[in-house]
Amino acid sequence: PASSLTNFGAVFWNGAPLVGNSGTVFVNNGLWLEESDDQIYDNGGSVTFINNSTFRKQGTYGTTTFNGSVAFQNNGFVDVETGAINFAGGGALGGTYNAAQFATLSLTGGGFSAGAPPLFEGPGASQFTGGTLTLLADQIPGLLLAGGNLVLGAAFQNSGAITNLTLSGATLTGSNTVTGTLNWNAGGLNNSWLTIASNALLNLATGSDKNMPGSVLVNNGTVLWTGGSVRGNGGTAITNNSLWLVQNDYQINSAYGGGNSSFVNNGTLSKSVTFGGTTFNNVSVLNSGGTFDIESGYFYFINSATYAQTGATLDFGLSGPNLAGQLYLPGNVNLDGTLGVNLLNGYTPAVGDVVALISYASESGVFATANLPPLTGGVNWSLNYGPTSVTLQALATPTLASPLQISGLVTDTSNHP
């Protein structure tokens with residue numbers, strides 16, 4: 001207790017835990033071989049382990065643990081040849097970490113920080129799964145951000161803005177701006193604010209959930225959503241001011257409760273590629289002068305979801321009478337703005353084809369403008385507002401059976417010829 005151990009030679013640790021307390025410091029300036037599956041822990045207070053040379057685990061296949069009050073500061077080489085090392089007490093990340101094949105190196109608790117990014121290498125698993133990781137300069141190559149809380153310093157990448165980062169389960173905290181690319185594979189936000197700048201890209205990829213309770217997402221660039229449900233609560237607000245590409249059949253929901261999430265579309269929300277439904281589940285949607293472009297599949301509103309539009313554009317892709325983009329709306333909808341249709345995949349409407357575009361419980365209003373592609377071969381469009389749907393029908397162009405002939409004297413109402 002309250003002691004220091006400094007190694008300039010070799011330490012062979014092959015059994016029994018190492019116990020310290022407040023003031024205990026281990027300093028490795030030589031070779032430290034961990035050949036057991038033990039732990040270093042505190043007996044009151046905090047312990048520090050400083051590695052300036054080589055710390056290697058080999059020979060056993062269990063887990064070596066630096067417990068919750070043991071901070072590990074690495075300036076040298078951490079080499080996990082077999083089994084796993086679990087760093088649960090935080091520490092300063094530097095130097096090089098190697099995880100051999102089938103080996104695992106995990107940062108699981110406490111406060112970690114990295115200035116100049118350390119190097120994580122090897123075919124094994126290196127992952128941040130718990131605690132808090134503060135990145136002061138850049139992301140860490142080779143370290144999977146699989147959990148825990150992520151904090152970005154004021155000098156991170158582009159003066160604090162994100163130019164290249166991948167979240168694989170970690171939670172991005174605070175207020176952040178993306179000026180390059182953010183790959184959001186899993187995890188997400190928690191009472192946070194995220195802005196996608198003009199010309200920046202947010203990738204919502206993989207089938208894992210994207211969580212954002214109590215958080216704000218403002219898109220001024222491009223969002224490419226290819227997988228995973230977006231989960232929020234009554235404090236979640238999404239605003240799309242630019243381009244949001246939907247290429248999946250997942251949902252935006254309010255799984256965390258506390259009322260409806262909100263989604264305001266001032267830009268273009270475009271669905272393509274897939275043919276199922278993208279669902280708004282307990283989400284209040286306002287299409288405020290923006291565009292819903294449904295080239296395939298459909299948008300669907302369920303539970304307490306709501307939809308309203310003001311001066312909006314609704315575009316639909318038509319690949320056939322039974323293969324068109326569709327919009328399923330809850331309750332009453334007041335239609336206005338513009339209706340647009342795009343013929344896809346060589347589809348040529350034939351007389352009698354009927355395409356359902358919008359379904360609702362009731363509706364009021366009509367579209368101010370209908371941009372419908374011209375048809376040929378004596379076929380014209382008929383736009384119909386029904387009690388539960390808006391449909392397009394292809395009708396034959398009316399023609400006169402024979403020329404109209406007039407004979408005799410034609411006069412006006414005053415009998416003037």
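User: How many strands form the open sheet, and in what order?

Analyst: This is a predicted model. In it, 7 strands make up an open sheet, ordered S3-S6-S9-S12-S15-S18-S20. The pairing is parallel.

User: Which strands sit at the edges?

Analyst: Strand S3 (18-20) and strand S20 (144-145). Each of these edge strands pairs on one side only.

User: Take S6 and S9. How many bridges join them?

Analyst: 2 bridges. Strand S6 covers residues 39-42 and strand S9 covers residues 63-66, and the two run parallel.

User: What is the bridge partner of Ile40 in S9?

Analyst: Phe66 is the bridge partner of Ile40 there.

User: Switching to packing. Which residues touch the most other members of the largest nonpolar core?

Analyst: Trp244 and Ile358 do. That core holds 89 residues. Strand S22 (residues 162-172) supplies the largest share of the core, with 5 residues.

User: What does Trp244 touch?

Analyst: Leaving out residues up to four places away in sequence, Trp244 touches Leu204, Leu217, Asn219, Val223, Trp225, Ile238, Phe263, Thr268, Leu269 and Ser270.

User: Is Trp244 buried or exposed?

Analyst: Buried. The relative accessible area of Trp244 is 1%, and the cut-off for buried is under 20%.

User: Now rings. How many aromatic pairs are there in the whole structure?

Analyst: A search of the whole structure gives 26 aromatic pairs. One of them is Trp32 with Phe49, an edge-to-face pair. Their centres are 5.0 Å apart, with 70 degrees between the planes.

User: Which parts does that pair tie together?

Analyst: Trp32 belongs to strand S5 (residues 31-34) and Phe49 to strand S7 (residues 47-51), so the pair links parts 17 residues apart in sequence. Both Trp32 and Phe49 are buried.

User: And Trp225 with Trp244: why does that pair count as edge-to-face?

Analyst: Because the planes are at 90 degrees, and the cut-off for edge-to-face is over 60. The ring centres of Trp225 and Trp244 are 6.5 Å apart.

User: Where do those two tryptophans, Trp225 and Trp244, lie?

Analyst: Trp225 is in strand S28 (residues 222-225), and Trp244 is in strand S31 (residues 243-246). The pair therefore ties together parts that are 19 residues apart in sequence.

User: What about Trp225: buried or exposed?

Analyst: Trp225 is buried, with a relative accessible area of 1%.

User: Which residues do ring pairs link into a cluster with Trp225 and Trp244?

Analyst: Ring pairs link Trp225 and Trp244 with Phe263, Phe280, Phe292, Phe299, Phe301 and Tyr307.

Terms used
Residues numbered from 1 in each chain as written. Predicted model: local features only at pLDDT ≥ 70, side-chain atom pairs only at ≥ 80, totals over all residues. Heavy atoms only, no water. Pairing = 2+ DSSP bridges. Helix = DSSP H or I, 4+ residues; strand = E, 2+ residues; numbered from the N terminus. Core = buried A, V, L, I, M, F, W, Y, C linked by side-chain atoms within 4.5 Å. Buried < 20%, exposed > 50% of the residue type's maximum accessible area, 1.4 Å probe, protein only. Contact = heavy atoms within 4.5 Å. Phe/Tyr/Trp six-rings, centres within 6.5 Å; stacked < 30°, edge-to-face > 60°.
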